[in-house]
Amino acid sequence: MPITIKSAREIELMKEAGRILEIVHDELGKALKPGMSTYEIDRLGEELIRSYGCVPSFLNYNGYPASICVSVNEEVVHGIPSRKRILKEGDIVGLDAGVIYKGYHSDAARTHAIGSVSQEAQDLIRVTRECFFEGIKYAKEGNYLYEISGAIGRYAKSRGYGVVRDLCGHGIGANLHEAPEIPNYEMNRKGVKLRRGMTLAIEPMINIGTDEVEWLDDDWTVVTADDSLSAHYENTVLITEGDPVLLTLSK
Ligand code: MF3
Ligand code: CO
């Protein structure tokens, strides 16, 4: 997939895809409680997405079997919802969702605490979100991709965390995954020069322990190799000549 520059019309459609996804995430966040299965989260998520006239982009994507990726504790991303996986107080849960509105995608992830969680879990969730905001300080026309990646990676490292290297953010538009790939660590090359009209899904995945991850036998679920907690935070971002516009975070 090439890097695409979106027209004004495409940007309007992506803004609507983003606005709807933000509502979906807000509603899912409010619904979370101990005793809920990860399957119920997926059911609610798909229902919400379709109620706004959108299609869940993850469902059947490369064979992924659900609409919402639900990743608990040491699961990094791409956890598969299951009736058997029940949330309990003290868990942290990453919810990743994508919607298609009139052919255009938005993609966003949040990590939530279930009830009261450890101080180290709270810190991880907060710093992972902060990593995103460090990165987008550089998300501006004329800057290079490596400035975003480096800012994210340095911020996480300075707090002693492991930055997942095996998965990256990505361009997004009429496809869920477009160029460029957006690493969350310092790169030696500058990467692409940012231009207005690019839309990027920037998504730090941060571990309390090392950066190493493994894939479970379901071929989807990514877990930390050392079983440490992991958090994920993602928004779809529009590059402009000034501050970036966060399409999946209006408030
Ligand atoms: N936000 C994730 C990504 O950008 C979710 C896609 S995984 C899927 O890779 F296969 F489940 F869709
Ligand atoms: Co993504």
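**View 1. Polar contacts of ligand 1.** In this predicted model, an oxygen atom of ligand 1 is 3.1 Å from a polar side-chain atom of Glu-203. Ligand 1 also has an oxygen atom 2.8 Å from a polar side-chain atom of His-170. In the side chain of Asp-107, an N or O atom lies 3.1 Å from a nitrogen atom of ligand 1. A polar contact is a pair of N or O atoms within 3.5 Å; within protein, one must be able to donate a hydrogen and the other to accept it, and residues adjacent in sequence count only if both atoms are side-chain atoms. Because the model is predicted, local features need pLDDT of at least 70 and side-chain atom pairs count only at pLDDT 80 or more, whereas totals for chains, interfaces and linings use all residues. Side-chain values use heavy atoms, without hydrogens and water; residues are numbered from 1 along each chain as its sequence is written, and chains are lettered from A and ligands numbered from 1 in the order in which they are written.

**View 2. The shell around ligand 1.** Residues around the ligand (a heavy atom within 4 Å of it) include Phe-58, Tyr-61, Tyr-64, Trp-220 and Glu-234. The shell divides into 5 nonpolar, 3 polar and 4 charged residues. Here Ala, Val, Leu, Ile, Met, Phe, Trp, Tyr, Cys and Pro count as nonpolar, Asp, Glu, Lys and Arg as charged, and the others, Gly among them, as polar.

**View 3. The largest pocket.** The largest pocket has a volume of about 450 Å³. Among its 23 lining residues, His-78, Leu-167, Cys-168, His-170 and His-177 are the closest to its centre. A pocket is an open set of points on a 1 Å grid over the protein atoms alone, where a 1.4 Å probe fits, with protein on both sides within 12 Å along at least five of seven lines; lining residues have an atom within 4 Å of a point. The volume is the space filled by probe spheres set on the points, which are joined across faces, edges and corners. Ligand 1 sits in this pocket, meaning that more than half of its atoms lie within 2 Å of the grid points. The lining has 11 nonpolar, 4 polar and 8 charged residues.

**View 4. The second largest pocket.** The second largest pocket holds about 210 Å³ of space. Its lining has 14 residues, with Arg-110, Thr-111, His-112, Arg-129 and Tyr-233 nearest the centre. By class, 3 are nonpolar, 5 polar and 6 charged.
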